[in-house]
Amino acid sequence: MVDVNKLREKAKEVVSRDDVRMLIGYRPGTYGFRARPAFVQGPDEVDELIFTPACVNNLASYIVLEEKLPVPRGEEPDLRKVAVMVKGCDSRALVQQMEEKAYDRERILVLGIPCTGVVDMAKVEARFPNVLERGEIALEGDKFVLSTGGGKEEVAKEELLADKCLRCRYPTPLVYDELLDAEVARFADDDYSDIVELEKRAGAEKWAYWEEKFSRCIRCYSCRNVCPMCYCEDCVLERLNPQWMRRSVDVSENTAYHISRAYHLAGRCIQCGECQRVCPVDIPLMELNRKFYKDVEELYDYEPGTNAENPPLLSTFKVDDREDFIL
Amino acid sequence: MAENSDFEPNIVAFLCNWCSYAGADLAGTSRIQYPSNVRVIRVMCSGRVNPLFVMNALQEGADGVLISGCHPGDCHYMHGNYYARRRFNLMRNFLEYLGVEPQRVRMSWVSASEGAKWKEVIEEVVNGVKEVGPMDQFKRRQLNW
Amino acid sequence: MNGKPKIGVYVCHCGTNIAGTVNVEEVVQFAQTLPDVVVARNYSYMCSDPGQALITDDIANMGLNRVVVASCSPRMHEPTFRKTLLSGGLNPYFLEMANIREQCSWVHDDPIAATEKAKRVVEAAVVKARRLEALDVKEVEVEPSCLIIGAGIAGIQAALDIADAGFKVYLVEKSPTVGGHMAQLDKTFPTLDCSACILTPKMVDVANHPNIELMTYSQVEEIGGYIGNFDIKVRKKSRFVDMDKCTGCGACAEECRMAGRIPNEFDEGIGMRGAIYLPFPQAVPAKYTIDKENCLFLSKGKCGESPKCKEACQAGAINFDLQDEVVEFKVGTIIVATGFDIFDARLKPEYGYGVYDNVLTALEFERMVNASGPTGGKVVMLERGKKKKKKEGEEAEAPRMPRSVTFIQCVGSRDKSVGNEYCSRVCCMYTAKLAHLVKDKVGHDCEVTIFYMDVRAFGKGFEEFYDRVRREGVKYIRGNPSEIYKKGDKLIVRAEDTLTATPLEHETDMVVLSVGLCPRSDNREIIDLLKLSQSSDLFYLEAHPKLRPVDTASDGIYLAGVCQGPKDIPDAVAQAKGAASAAMIPMASGKVKVEAQTSVVNEDTCRGCGFCVELCPFSAIELVEINRMGWPVKVARVNEALCKGCGACAAACLSGSIQQRSFKDLQLMPQIKALGVK
């Protein structure tokens, strides 16, 4: 676990630099065990920064989502670096963003945090409901220690660990300017057993499974908004002309939305799990993303967000790509 | 699935101008008879076909979709069919995962000289979709206002 | 013209071809109910003059601004009806065709089903027509000049043809002389005419032709632009010899301290040269070149008291201060004629090339039998690398001639183990030719054996020549040798005669490996410059294997010679002449039409991810920086002169920002909707 004093010291050094505009990190949330993003503009703000297993957000999203307000006439745009704290999974978003030329490497300053896993806040809240006073989560050995004013409790690590961490291949960031702690070796992998199980079911059964999920969708677009890969100026899925899908919330349009969203992430999703985390109606979006991830890996030996020099998956081909499905 | 033998599926096909569309034309000049269930949209290259068109067609009422291009190495635009092959392999697997039977999403290579193959492809696709029945579950709700 | 759509629908009977099956009246009635359709008619032959007049009259009288013709395949009559629209004063791209013949009446004999399908197809055409846009038919001017890269026989022939036709040619050659591989050959199969005798006059011609600017010892560094307007940058490497002063007398080379110590590339290393050299006596231009890596003065800064070549040169041509020169010019077309490398026989270690002195490549052997080659045309046993040990004044022992020579065919060809599946097409015949030359030069008692897999004597006069060589006593053994080893002063070729299934240990003095032709090891340079594609054998890829064998995917860039795939001299010359005439078409007409149905980017929504840039087979898209509300952002931009209108970019764009004209999402999606409905 990264030492918080070291983290703040480093943050202070970074935000004091002339060529750095701000630092995106984490600070405690307003209640319970939550943490939330912090946008640190100056050295006096660094004392609120933390890194704990509650720091679930993928901060890479904010780099591409930050609105570029019109630059007033006669002024220059502020092109200084943005510093960002990233876990292993978050760093893959940076790699993928750079593969997609969202920005040049020198535009960001990356503080890498080798990650031993974060919690699934839903699991925490199920176990400790209605905690209003601020609490803290720390990892000690193979246990999460949750402390509030009311006391301290220990829970086995795997009980609260986020699902994405249970499948994480890259706990240590793949891109960084500075690593804030010792590297963490891979402690998990994805065996896709649930995906394979679902694949095997009959067509009608699968449709029914997904119809139930998609029928819950309220088309709030949270999954898209939080995604570090979804940052088009004008999302094609909301456009009216041509209209790929109606805005009305019914199962056909919702299904179309989810097909489109998942397909747009094929070969791009870096498995940070943010979409599913923010879904207010608990649609298992990662089961869609992981299906593509698995196929892309099996068919094309391609893993998004691991090498910024890779050509985009669907902008390239091999002459001997599989074609046994073609008549 | 559909036991109703009267079911005549409706299939939307995207054909590249240089090979498959020419192959379908050749079937015509050769007076090769085949089922009338397939309606064709001509594009210049199979690489133009966005896999989301498949979803769109199914939503608009098609029971199946066919994308047909030049054989590997023959693409008029060098590589368009290779891009199409990647995209549709992924989309087809994905739709199958959602419960859309693979018989509904088909891809073929038909060259300008393969009028007879075009007929075979059509028969294969039509029979395949007949097997799995109408695709009503994804149909767009009709608006009446 | 882009106001509210007013569509005319014209349903063709095509005699009974359509009307015999499809109820055209019913289709017309249906069409009249479709949105924005102001008139729908049927006529016996729409493509006839009166048929076309129906359309132009309605354009004039009813103010039509979109036309749908339901008839035969657009592959048949789209150009016809586009012209009709044009003559009626409409942009030709306001036409949409519905194919109700080839893909309807001719393939469905049930009138009800055929009519139903025809209606759907017409509806799809109408809804697309509503969204059609006027497109510009653009032309670009063509600079009447051609860059030819590579001055082997293919480049030379193409240059002469184009220059003779009156166009300017820039002929760029990497090495100090023109001539290429053909200049290294002694005789040519199957006619046995002397290679130099037929080549050197052409070499002299390219040097003297008023329309050809020859740049030897030069390399193309940059190529920009597109057909008609390529911007070229060429680096002319310094020879350290003033080309204007050098008389080619050779006094310098005799004096060079390195003379005889550097393997001469032209002689495949069998002969030696100095640091200042002429690759071979008939080299064009006949000017000396200093190889700066080996020149003592240029590489070490010191050559005895002073460079002897400089003293020897009475013309004062040697100038160690000469620098590379970079020249820039514009051309309209480009021919790539960069040739090949021979297969590196070291990649077949079982044959002992590079280990045994008398295992040679065919090209080394070719130099040896060449009268102007390093041995003066004598076939002799080689003692490689021993020259230096020879003491001064010592009389050289007369070299021994081999009593038996063995050839092995298909070395590096038809061999998956080295990654070359293809046949090199020349080895069977050059092997036969060399076998003949052995008999000719060494004597008929010299035993000549050829190990082969198949003999491919497919060309004009080839089979006859093969027969002749066999009659001369050359022994052909069908079998692919597995190993060569040395026993005493003999080489033993281990093989199996596959016709009799007999294992052999064949004893011989000399082994010649009939190495195949390979893509040049520096192919990448040209690929990067011109964005050429390669076929699976890694030679450059032609635009179509049958019908466009000299074109590339990029307009204005053509291929000639072996760079496109193995071929012999007549084939290389034929292709060069083909490439020359292909290049002359746009140069002669002075302008070329460019595709109108190109892609176009919405720069407001493009996020600059570069997916389209990466996939475009024609390198027609680039990322450019624009100012978006004060911020520098990158967006894709299409070079319309390069775009061929495939639309692959449009299908890859996540934000729908790049669209193909006439095939935009908002033009295709109404079609999908019309055809999706039952």
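This is a predicted model: local features need pLDDT of at least 70, side-chain atom pairs count only at pLDDT 80 or more; totals for chains, interfaces and linings use all residues.
**Close-up 1. Leu288(A) and the residues it touches.**

**Close-up 2. The largest nonpolar core.** The largest nonpolar core holds 106 residues, and Leu288(A) is among the four that touch the most other members, together with Ile259(A), Phe14(B) and Leu98(B). Helix H3 of chain B (residues 80-98) is the top contributor to this core, giving ten residues.

**Close-up 3. Helices H6(C) and H7(C).** Here we turn to chain C, where H6 (residues 153-164) packs against H7 (residues 195-208) at about 55 degrees, with the axes 10 Å apart. The two helices are therefore oblique to each other, and H6(C) passes H7(C) in a left-handed crossing. On the H6(C) side, Ile153(C), Ile156(C), Gln157(C), Ala159(C) and Leu160(C) meet Leu199(C), Lys202(C), Met203(C), Asp205(C) and Val206(C) of H7(C). This contact has seven nonpolar residues, one polar and two charged.

**Close-up 4. Helices H11(C) and H12(C).** H11 (residues 362-369) and H12 (residues 427-441) of chain C cross at roughly 35 degrees, and their axes come within 11 Å. H11(C) passes H12(C) in a left-handed crossing. From H11(C), Ala362(C), Phe365(C), Glu366(C) and Val369(C) meet Tyr430(C), Lys433(C), Leu434(C), Leu437(C), Val438(C) and Lys441(C) in H12(C). By class, the residues here are seven nonpolar, no polar and three charged.

Note on methods
Residues are numbered from 1 along each chain as its sequence is written. Chains are lettered from A and ligands numbered from 1 in the order in which they are written. Side-chain values use heavy atoms; hydrogens and water are left out. Axes are lines fitted to C-alpha atoms, for helices over the stretch in contact, and angles run from 0 to 180 degrees between N-to-C directions. Helices (H or I, at least four residues) and strands (E, at least two) are DSSP runs, numbered from the N terminus. Angles under 35 degrees count as roughly parallel, over 145 as roughly antiparallel, 65 to 115 as roughly perpendicular and the rest as oblique. A crossing is left-handed if the near helix is turned anticlockwise from the far one by less than a right angle, and right-handed if clockwise. Contact means heavy atoms within 4.5 Å. Ala, Val, Leu, Ile, Met, Phe, Trp, Tyr, Cys and Pro count as nonpolar, Asp, Glu, Lys and Arg as charged, and the others, Gly among them, as polar. A nonpolar core is a set of buried Ala, Val, Leu, Ile, Met, Phe, Trp, Tyr and Cys residues joined through side-chain atoms within 4.5 Å. Buried means under 20% relative accessible area, exposed over 50%, partly exposed in between (1.4 Å probe, protein chains only).
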